[in-house]
Amino acid sequence: MSVILEVRDVAKYFGGVKALDGVSLTVPERGLIGLIGPNGSGKTTLFNVITGFYVPDRGSVLFRESNDLVRIDGLNPNEVFKKGIVRTFQIPRLFNSLTVLENLLVTPLGQKGENPVRALFRNSWSKQERELASKAIELLKTFNMLHYVNSKISELSAAHIKMLETIRGLMTPAKLYLLDEPAAGVDYAMARELFTYVRKLRDEHNLTFFIIEHRLEILMEYVDYVYVLHNGKLLSEGKPQEVISDPKVIEAYIGV
Amino acid sequence: MLRVSNLRSGYGKMVVLQDVNINVREGEIVAVLGPNGAGKTTLLNSIFGLATIHSGEIIFEGKPIHKMSPHDIVRAGISYAPQLDNVFPNLTVVENLQMGSFIRGNDPTIKNDIEEIFGLFPEIERRRNQKARTLSGGERQMLAVARALMSKPKMLLLDEPTAGLSPKAGASLMKKIKEIRDRGVTILLVEQNVRRALEIADKGYVLVSGRIIKEAIAEDLRKIEIEKLFFMGAQ
Amino acid sequence: MIPGMQQAVMNAFQYSLFYLIFSLPLTLSYRTTKVINFAHANFITYGAYVAILLHGILGSNLMSLAVIVAFLLTGSIAVINNMLVFTPLQKRGSSPAIVMISSMGLWIAYKYLLYMITDIANYYTTKNFVSYGRITYSDVPRGSVGGIDFSQALVASLVAASLTVVLLYILLEKTKIGRAMRAVADNPSLAEISGIPRALIINLTWFICGGIVGVGGVIWTSFSGAITPEAGDSMILQVFTVGFIGGLVSLLRTGIGAVLIAAIENVGIAVLNAFFGIPVSFRPFLTFATLITTLIAFPPLGAGGGLPYRFLRRGSKK
Amino acid sequence: MIGFDIVGFMISWLTLFGIYAILSLTLNLESGTAGITNFGKVVFYGVGAYISATLTTYLVLMLNGVNVGEKPPYSVDGIILLGELGNKNPLLNIGLLVLSLVLAFIIAGVLGYLLTYPILRVGPAFVGFTLLSSGELLRIFLQHYEPVGASKGLMAIPTPFGWVAESRVREVAYLCLVLGLLALTYVVTYKLVNSPLGRTLRALRDDEIAALCLGKHVPRIKATVLFIGSGFAGMAGVLLAYYLTSVNPNMFVPAVTFNVWAMIILGGFGNLKGSLVGAAIVTFVDRALTFITPQLGITVISPDYLRWVIVGLLIVVVLIVNPKGLFPEKPIKTPAIDVVLEELRGGSK
């Protein structure tokens with residue numbers, strides 16, 4: 001399997017705090033990769049570096065573009081998205097005054113009606129708009145959320161909010177998904193359902209997922225491979241079973 | 001002393017805890033154990049009026065406190081040392097402690113208490129006039145516990161006091177927590193570090209995915225492999 | 001030597017004192033209450049008009065009296081604003097931008113209310129309050145020391161600025177209430193957890209901040225030759241720029257900002273005037289340029305948001 | 001109420017309404033829909049007014065062979081000459097109107113675009129403050145810039161319909177022009193709001209960072225919106241200058257901006273119809289106060305001041321009592337809704 005994302009020796013310091021201190025890892029195409037670690041170990045900072053929120057103080061981030069790995073560190077978040085990386089947030093960031101449908105429709109790039117001149121001429125974009133709407137509806141059907149199509153975000157449950165944040169990326173041809181704690185605040189059954197969908201998406205759409213998750217009991221069941229961060233450094237990596245039984249991981253999590 | 005019954009709570013619409021029941025008797029150290037993200041912090045926040053309580057009740061010394069403001073809960077005799085953002089970074093160590101005793105007004109014994117607390121935590125006494133932002137993680141944890149003690153609480157809520165500490169520092173802090181209990185303060189301790197917590201606790205609850213999946217006295221908990229519960233949950 | 005340079009330096013000194021008195025409370029109030037208060041200008045103007053009305057209607061020449069009344073009045077206005085407007089909005093979960101817009105509404109309302117008051121006062125006294133001359137006080141000394149002319153305004157603002165700095169220092173560093181103010185600014189939720197009555201502390205902060213600025217307004221009447229109900233507005237560019245230089249957080253940097261802006265404005269315009277003939281009245285453009293430079297070069301990302309967007313990509317290509 | 005000129009009142013109210021509604025519609029696009037805290041609306045309004053005033057007075061004099069170096073339009077001679085020459089050539093007057101509108105749109109728009117650059121990355125407080133202080137700077141500049149009449153401003157501006165003899169006809173013709181431009185503004189803002197662009201703007205307002213993460217070029221979008229909004233504000237300024245036939249720096253105080261804010265807050269953030277109603281109510285109060293206060297024999301309190309106090313309080317009170325305003329925001333209307341309806345109908349069969 002070829003590598004879709006490579007993080008090379010990335011470091012990020014905030015004053016004296018070493019949020020990331022030389023992290024190197026790779027994410028293979030079509031992978032379902034977990035990223036775990038105690039609070040404050042640098043997981044979200046790593047996502048922030050990958051998606052262009054921060055410029056790393058050292059090291060580089062590379063992403064597959066056709067057959068090459070190109071550097072994406074230092075790009076702005078909107079440019080990172082255009083490369084094909086979608087992220088979700090620990091506290092979901094949806095557009096709260098828009099409906100579920102609108103939240104999906106806002107995502108695709110290159111909408112003709114986003115051009116201020118074209119926006120004035122409905123005919124020039126209504127065909128595309130209808131196509132996107134059909135696509136959004138199909139998506140909502142797939143995820144059993146069609147009855148929420150005209151709901152405001154505030155009417156959704158926490159699990160559906162998480163779900164919507166994940167699937168809105170499917171409106172675009174994104175390749176890599178960075179999910180930040182998708183199961184936080186979601187009850188067990190829904191969390192499993194969410195992960196089942198994630199696996200289905202990976203299988204059916206050839207997508208890659210890189211997932212931060214604290215709820216190991218769920219995560220471990222689904223992912224192929226796990227990286228463990230601790231104090232800004234990679235502590236361990238391997239298949240879920242290997243990681244769980246790694247004494248270093250147990251020490252970091254549970255103590256000696 | 002503290003009874004949490006059928007608690008369902010979270011933040012806004014997000015429900016984190018479901019059907020949580022907890023009992024703390026006077027003079028006990030009760031540990032709530034669980035992995036990251038299980039809802040341990042939410043439990044403490046719920047008790048302290050910082051989370052949204054959807055249903056259930058929290059009774060402290062016979063009085064319901066789940067509708068009180070944090071300010072009144074401090075006056076009722078509970079004190080809280082959170083895990084993160086637990087110091088005032090631009091105040092000195094002494095000033096941090098003084099803030100802890102704010103509700104006691106101009107009590108002349110505060111000065112003595114500060115010295116007494118420094119006796120318990122000599123590590124931070126050396127830095128008494130430094131700003132808290134210059135402290136290391138471990139020193140901050142101690143300062144947070146010390147600050148919480150300054151209101152002379154009957155009960156102390158501690159959120160992962162040993163997180164990020166070296167094993168040695170962690171063990172010594174745990175010993176101090178036991179000492180605090182021996183001075184008559186009931187303690188509700190939230191911990192990820194099972195072994196360390198069970199060394200001092202009288203009773204433990206295991207919280208996974210927002211639910212209590214096990215309740216037992218500490219001795220019994222020491223016998224089972226809690227890691228398994230952590231990783232695999234109840235199911 | 002550029003002609004008028006000595007005067008420009010003196011002016012810079014005088015203005016830096018005023019900016020200190022006006023901006024320190026702005027920073028203090030923002031960092032404690034997290035409200036960007038555009039009605040700040042009202043405190044200056046209302047302070048000045050306390051002195052003017054006392055002088056024009058009651059014939060009082062006492063700055064000390066005006067200072068006391070102004071402190072109580074503007075401090076109370078600040079507390080009323082907070083209790084009736086800011087706190088209810090924040091309690092309902094309004095965004096900082098909405099709270100800020102409400103302060104704009106207050107600003108306009110107070111400003112034109114004052115115009116109405118001046119009209120009414122004018123009607124009964126037939127004095128012109130819409131443009132009031134400089135007031136000479138009987139209880140403020142003046143004189144000249146070593147060839148430097150100490151006007152009443154300079155004496156009063158020097159005393160007031162020093163007192164502001166010293167008293168704020170004592171309050172914030174040495175008293176329990178002051179430390180609680182810092183604690184609320186530092187970590188509001190921990191302050192609440194510690195049992196500090198946040199609402200009370202915030203009201204107190206407003207009272208002190210509003211009051212200090214009002215006192216500055218009183219002193220302004222001994223400096224400016226024509227005081228209008230817009231007196232405060234003409235200074236908000238400078239006062240807010242000074243506050244922004246301090247990031248609305250650091251009192252020390254705010255103090256430095258006050259000196260910096262006063263120097264840039266007065267010395268800078270003297271230079272530009274001497275070499276390029278730029279009219280002195282264009283000095284706010286220098287402040288504006290400083291503001292824009294600050295925003296571009298050191299975007300303050302606090303105060304309600306900020307975008308992780310970089311115009312120049314650093315470190316992407318090596 | 002003897003001699004109360006109801007028709008005159010209506011015309012003056014509607015004209016003022018038309019001008020302000022252009023401002024409120026575009027401010028609602030910028031602030032209500034896109035979430036830009038534009039506290040400097042008056043800058044672009046003022047620039048538009050001054051462009052038309054300067055252009056018209058200078059060109060009328062110059063095209064009539066007057067040496068503006070000797071007799072500039074702000075001098076007494078210039079003002080007298082403008083009165084004599086100004087309304088002779090209908091074609092010139094209308095040509096100047098069109099030229100002013102186009103130039104005002106472009107210059108005010110470009111100014112709006114440029115002013116976004118320093119403020120793109122910072123929070124709403126800094127955005128608001130920068131725009132607010134640019135308004136004050138404009139005023140200081142105008143007050144001291146001799147070619148535009150400094151603090152006296154420019155007077156006797158020849159109006160587009162000055163050649164019409166009958167004053168009522170002239171007023172009505174002008175009203176039609178104003179309402180025509182208002183209609184144009186409404187159509188443009190309505191189409192922009194109810195388009196994918198409008199949806200993106202709301203997204204941006206809700207969560208700038210999330211929008212950036214979804215690939216939206218947030219800085220460019222904001223700058224574009226300010227270009228459009230400021231351009232229209234410039235045109236509103238042109239209309240004001242011709243309506244009042246004079247401009248001076250004190251017409252462009254920050255309170256004007258907040259007058260428009262009061263309109264959109266009262267009408268409802270993000271609702272264009274609300275902006276129209278808000279503008280109608282606020283301008284009606286304004287006109288009514290001006291008409292009524294002298295009739296009631298109140299001379300102590302200027303209706304102008306009373307109006308601004310009301311505007312300020314209106315902002316505060318509406319925000320506290322009913323932050324959504326009279327007309328809450330409606331979902332965006334695009335063909336996507338039809339697709340959903342078809343789908344839901346199809347599904348129920």
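Visitor: What makes up the charge picture of chain A, and how far apart are the mean positions of the charges?

Guide: Chain A carries 31 positive and 30 negative charges, and their mean positions are 5 Å apart. Keep in mind that this is a predicted model. The counting takes Lys and Arg as positive and Asp and Glu as negative, with His and the chain ends left out.

Visitor: And what about the charges of chain D?

Guide: Chain D has 23 positive and 18 negative side chains, with the centres of the two sets 7 Å apart.

Visitor: Why is chain D written as a row of α symbols?

Guide: Chain D has 13 helices and 0 strands, and reading along the sequence gives α-α-α-α-α-α-α-α-α-α-α-α-α. Its radius of gyration is 22 Å, close to the 20 Å from the globule rule for 349 residues, so chain D too is as compact as a globular protein of that length.

Visitor: How do you know which residues of chain D to call buried, and what share is that?

Guide: The cut-off is under 20% relative accessible area. By that test, 61% of the 349 residues of chain D are buried. For chain A, the share is 63% of 256 residues.

Visitor: What share of the accessible surface belongs to carbon and sulfur atoms in chain D?

Guide: In chain D it's 69% of about 12500 Å². Chain A exposes about 9400 Å², and there carbon and sulfur atoms supply 50%.

Visitor: How do you know that chain D and chain C are in contact?

Guide: Contact needs heavy atoms within 4.5 Å. With that cut-off, 49 residues of chain D are in contact with 51 residues of chain C.

Visitor: Why is the size of an interface given as an area?

Guide: It is often given as the accessible area lost when the parts come together. Between chain D and chain C, about 4900 Å² is buried, and carbon and sulfur atoms give 81% of that.

Methods:
Residues are numbered from 1 along each chain as its sequence is written. Chains are lettered from A and ligands numbered from 1 in the order in which they are written. This is a predicted model: local features need pLDDT of at least 70, side-chain atom pairs count only at pLDDT 80 or more; totals for chains, interfaces and linings use all residues. Side-chain values use heavy atoms; hydrogens and water are left out. Helices (H or I, at least four residues) and strands (E, at least two) are DSSP runs, numbered from the N terminus. The radius of gyration is taken over C-alpha atoms; the globule rule is 2.2 Å times the number of residues to the power 0.38. Buried means under 20% relative accessible area, exposed over 50%, partly exposed in between (1.4 Å probe, protein chains only). Accessible areas come from the Shrake-Rupley method with a 1.4 Å probe; for residues, only the protein chains shown count as cover. The place of a charge is taken as NZ of Lys, CZ of Arg, CG of Asp or CD of Glu. Buried area is the accessible area (1.4 Å probe) that two parts lose on being put together, summed over both.
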